[in-house]
Amino acid sequence: MSPNDNTEQPTGEPLGASASDSARRVSRRHLLIGGAAAGAGAVAAVGIGAATGSLSSQSDSDNTGSPKNSKEYESAAKLFGEGTVSPYGKHQAGIVEPNPLQANIRYAAYDLLPSTDRNAIKRMLRVVTGDIERLTEGRGALADSEPELAEIPANLTITVGFGAELVRRVNPNLVPDWLAPLPAFTRDQLDASYSGGDLMLNIQADDPLTVAHAHRMLMRDLASFASIRWVQSGFRRAAGAEPAGTTMRNMMGQVDGTVNPDPEVDEFDGLVWETAKAGWLAGGSAFVLRRIDMLLDTWDKVARSAREETIGRDLPVGAPLTGTKETDPADFEAVNSLGLPVIPDFAHIRRARSTDPNERILRRGVNFEDNGKAGLLFACYQVNPLTQFVPIQQRLDELDLLNQWIVHVGSAVFAIPPGFKKGGFVGETLFG
Ligand code: HEM
């Protein structure tokens with residue numbers, strides 16, 4: 001199965017490459033990142049040379065491939081900013097593509113105005129789609145007053161989600177049963193200002209100004225249809241800061257995202273992507289966003305070994321406590337010399353792991369840090385939160401060593417409509 005409906009095709013990959021080859025395949029974006037960050041000298045030189053119109057940068061580069069002078073920096077940065085991700089495809093962009101995911105993330109939720117009826121929703125989605133197309137291609141939005149800001153697409157993707165109220169206004173019979181607030185968990189301390197919403201935009205790019213400009217343009221598009229409910233911004237390491245494919249670290253310093261379904265290996269249809277039986281949502285997904293505060297002041301006082309036992313993985317490389325490498329499988333049966341489990345009974349990975357393969361979720365967490373708070377914008381995709389996210393979170397809510405240092409403060413669920421074709425618009429299947 002190819003998850004790459006949305007991105008440029010990689011160059012030079014032999015047909016029939018194995019799954020593990022494919023997992024490491026090199027898209028144009030990887031080449032640029034790899035070239036800039038890891039110093040694939042020739043690639044970096046060709047890229048930079050092409051941008052500056054000279055080949056001199058090859059000899060100017062040191063053998064780390066890092067830009068040596070400000071001019072090279074400018075060129076490398078420009079190439080980065082030029083990266084585009086097609087908004088078209090079977091699935092919306094910004095979920096499994098691009099790979100690696102971008103560094104700057106903004107979730108914005110809107111409430112529909114009372115006057116925004118079925119026809120208005122259709123108009124709204126067409127307007128938004130037009131600007132998604134323009135902005136992701138690096139063109140100014142409709143009547144863009146600052147089109148220069150759109151010239152750096154930096155792998156911009158804009159993923160759209162629908163709350164129950166939007167679907168209901170279009171057709172009350174089409175609201176999936178899971179599209180509702182999640183059942184309450186005992187430890188929740190939810191704040192309405194980070195929860196709910198009728199429409200969600202997830203704007204992601206490798207440049208923060210690109211994200212800010214795209215959001216401002218879309219906010220303008222939405223002004224006569226909806227009002228802003230909340231905005232939550234997050235980040236990963238800057239693009240190029242580490243080799244492509246590195247699992248991100250969260251604000252607790254842990255490698256976070258290791259055990260996750262992989263579109264190159266796992267069957268995503270029926271696990272992450274809705275199938276034909278989901279009707280208008282086929283090719284779409286169900287999205288859960290949880291804002292989780294981390295109590296870092298007390299966490300910082302915990303011994304390193306205890307922090308590792310809390311998760312069940314080490315801090316240097318994210319290896320399970322029963323292994324040495326990040327990718328080693330966790331051995332939940334292993335015991336130490338005292339006969340105690342090496343991965344504690346209430347360690348996060350033991351409690352989060354399910355024996356039911358249908359209970360997995362595609363995790364897409366990002367860090368946040370604002371107003372003196374830090375934590376994780378825990379985001380995940382699946383076909384049904386009630387049978388995937390909820391049972392996992394029920395186990396964690398009941399017992400997880402990590403609970404002493406985290407508080408869930410925001411919660412939202414959105415239906416992610418499928419992707420769209422050129423000439424179509426996001427969410428069109430909802431209108432029959
Ligand atoms: C701030 C809160 C959280 C932090 C800091 C955190 C951190 C981590 C870390 C470090 C790992 C191990 C590496 C990996 O496989 O990714 C992990 C695994 C995992 N987490 Fe979390 N997590 C948090 C919340 C959640 C929530 C809310 C869920 C879902 C309800 C969840 C589900 C999982 C799953 C399914 C795994 C993989 C378990 C396995 O090995 O099979 N996590 N988490």
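**Exercise 1.** How many bridges join β5 to β9, and do the strands run parallel or antiparallel?

*Solution.* Start with the ground rules: this is a predicted model, where local features need pLDDT of at least 70, side-chain atom pairs count only at pLDDT 80 or more, and totals for chains, interfaces and linings use all residues. Residues are numbered from 1 along each chain as its sequence is written, and side-chain values use heavy atoms, with hydrogens and water left out.

Next, find the strands (DSSP runs of E, at least two residues, numbered from the N terminus). β5 and β9 are antiparallel and joined by 10 bridges; strands pair if DSSP finds at least two bridges between them. One to locate yourself is Arg291, whose bridge partner in β9 is Gly410.

Finally, look at burial (under 20% relative accessible area, 1.4 Å probe, protein chains only). In β9, 11 of the 11 residues are buried, so the strand is largely enclosed by the rest of the structure.

**Exercise 2.** Work out which residues come nearest to the ligand.

*Solution.* Take the 25 residues around the ligand, each with a heavy atom within 4 Å of it. Gly257, Val259, His348, Arg353 and Arg363 come nearest.

Now check polar contacts (pairs of N or O atoms within 3.5 Å). A polar backbone atom of Gly257 sits 2.5 Å from a ligand oxygen. For Thr258, a backbone N or O atom is 2.9 Å from an oxygen of the ligand, and Val259 also has a backbone N or O atom 2.9 Å from a ligand oxygen.

Notes. Polar contact = N/O pair within 3.5 Å; in protein donor to acceptor, adjacent residues only side chain to side chain. Buried < 20%, exposed > 50% of the residue type's maximum accessible area, 1.4 Å probe, protein only. Helix = DSSP H or I, 4+ residues; strand = E, 2+ residues; numbered from the N terminus.
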